[in-house]
Amino acid sequence: MLTLLAAAALLAGPTAADVTLPAQPAPLAGTLLSPEGATSAVAVVLPGSGPTDRDGNQTPAIRASTYRLLAEGLAAEGIATVRIDKRGIGASAAAGFDETKLRFSDYALDARAWAAEAARLTDQPCAWLIGHSEGALVALQAVQEGDDKICGLVLLSGAGRPAGVVLREQLTALPDPLNTQAYDALTELEAGRTVAEPPAALAALFRPSVQPYLISWLPLDPADLLAAYDGPVFIGQGTTDIQVGVVDAQALAAADPDATLKLWDGVNHVLKTAPADRAGNLATYADPDLPLAPGVTRDVAAFIRTNAAR
């Protein structure tokens, strides 16, 4: 009988439950993953840009399941997580605003609300915010007004420079005169002015309906936001990330000398071991069976446990 009970305990594993957060115009949705034993801390996983779901996927192109794998790894370390579908995505689709009304601050307000709810669900004093990619900027803006329900920040693969700087680097690949037109559009939006007739070839980025959101997003400087925050911060960055560079992590670390900086050698944007060449790197984005790179979950868990005990 004891052998059977021991086997059952081993098979039990972490417990997943669907959770919702009251919001307008409809509730937001997520998954609470609780460790098998006692919960030492809880974190909210904030997704990156675009239609990224709670598992970290944008099907069919991105199926890396980065957030699910991270949550499972943290559960094994005694840390609960709430990973979320942001407004307009997945089970939170009905909560999406008309695109013309969405602002970057809406995501930050949601992150604050999720932190309070995660703490309540797990009977913890506060929740950590784990922001990945653009989610790192969401986390940084979420703490600007102070919040005792947010324990601290874990910033993974997050930009350390304003979005306009990064976008200009990416847009250099465009042919003339399209790149000049793109730069001009960015300059206008950064100044808070809309662009009446963006070039058709740039409509996906600068369509009129998304311009109010861009105007709310472009002025944000991650380094400045981090410098204004006095809570514990972990910065994690892979060296083979083809979307965000080590220079970004270093810019963040320079803004907060007390932050913990981890550079993971040979790790890419979706936190998996990957070569530097583009084709091989992107292949990992479509492989949910490929585990997170060694050290990623371990380092994040160690940081949270160490600071949660203070």
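## A buried aromatic pair

Phe-234 and Trp-264 are both buried, a word used here for under 20% relative accessible area, with exposed meaning over 50% and partly exposed the range in between (1.4 Å probe, protein chains only). This is a predicted model, in which local features need pLDDT of at least 70 and side-chain atom pairs count only at pLDDT 80 or more, while totals for chains, interfaces and linings use all residues. Residues are numbered from 1 along each chain as its sequence is written, and side-chain values use heavy atoms, with hydrogens and water left out.

## Aromatic pairs and a cluster

The structure holds seven aromatic pairs; rings of Phe, Tyr and Trp (its six-membered ring) pair if their centres lie within 6.5 Å, and planes under 30 degrees apart count as stacked, over 60 as edge-to-face and the rest as tilted. One of these pairs joins Phe-104 and Tyr-213, whose ring centres are 6.2 Å apart and whose planes stand at 45°, so the pair is tilted. Because Phe-104 lies in helix α3 (residues 104-122) and Tyr-213 in helix α8 (residues 211-217), the pair ties together parts that are 109 residues apart in sequence; helices (H or I, at least four residues) and strands (E, at least two) are DSSP runs, numbered from the N terminus. Phe-104 counts as buried at 0% relative accessibility, and Tyr-213 counts as buried at 10%.

Phe-234 and Trp-264 form a tilted aromatic pair as well, with 6.1 Å from centre to centre and 35° between the planes. This pair links distant parts of the chain, with Phe-234 in strand β7 (residues 233-238) and Trp-264 in strand β8 (residues 260-264), 30 residues apart. Elsewhere, Phe-104, Tyr-107, Tyr-213 and Trp-217 make up one aromatic cluster, and the charged end of Lys-86 sits over the ring of Tyr-107 at 5.4 Å from its centre (the criterion is NZ of Lys or CZ of Arg within 6 Å of the ring centre and within 35 degrees of the ring normal).

## Nonpolar cores

In soluble globular proteins, nonpolar side chains tend to be buried together. The largest nonpolar core here has 59 residues, of which Val-44, Leu-129, Leu-153 and Trp-217 touch the most other members; such a core is a set of buried Ala, Val, Leu, Ile, Met, Phe, Trp, Tyr and Cys residues joined through side-chain atoms within 4.5 Å. Helix α3 supplies the largest share of this core, seven residues. A second, separate core of 23 residues includes Phe-234, Leu-292, Ala-293 and Val-300.

Leaving aside residues up to four places away in sequence, Val-44 touches a set of residues that includes Val-82, Ile-84, Trp-114, Leu-129 and Ile-130, where contact means heavy atoms within 4.5 Å.

## The sheet and its helices

Eight strands form an open sheet of mixed pairing, in the order β1-β2-β4-β3-β5-β6-β7-β8; two strands pair if DSSP finds at least two bridges between them. The edge strands are β1 (15-21) and β8, each of which pairs on one side only, and neighbouring strands of this sheet are turned by 20° against each other on average, direction ignored. Strand β3 (41-46) is mostly covered, since six of its six residues are buried: Ala-41, Ala-43 and Val-45 point one way from β3, and Val-42, Val-44 and Leu-46 the other way. Five bridges join β3 to the parallel strand β4 (residues 79-85), with Val-42 standing opposite Ala-80. Strands β5 (residues 127-132) and β6 (residues 150-156) also pair in the parallel sense, over five bridges, and Ala-127 stands opposite Ile-150 in β6.

Helix α4 (residues 134-142) lies across β3, β5 and β6 and runs at about 140° to β5, whereas helix α10 (residues 246-255) packs on the sheet, touching β6, β7 and β8, in a direction that makes about 165° with that of β7. For these angles, axes are lines fitted to C-alpha atoms, for helices over the stretch in contact, and the angles run from 0 to 180 degrees between N-to-C directions.

## Backbone exceptions

Most residues other than glycine have a negative phi, and most peptide bonds are trans. A cis peptide bond joins Thr-59 and Pro-60, with omega about 5°, and Pro-60 has its place in the loop between β3 and α2 (66-76). Another cis peptide bond joins Asp-176 and Pro-177, with omega about 0°, and Pro-177 belongs to the loop between α5 (163-171) and α6 (178-190).

Asp-123, although not a glycine, has a positive phi of about 55°; this residue lies in the loop between α3 and β5 and is exposed, with a relative accessible area of 71%. Ser-133, likewise not a glycine, has a positive phi of about 55° and is found in the loop between β5 and α4, but Ser-133 is buried, with a relative accessible area of 16%.
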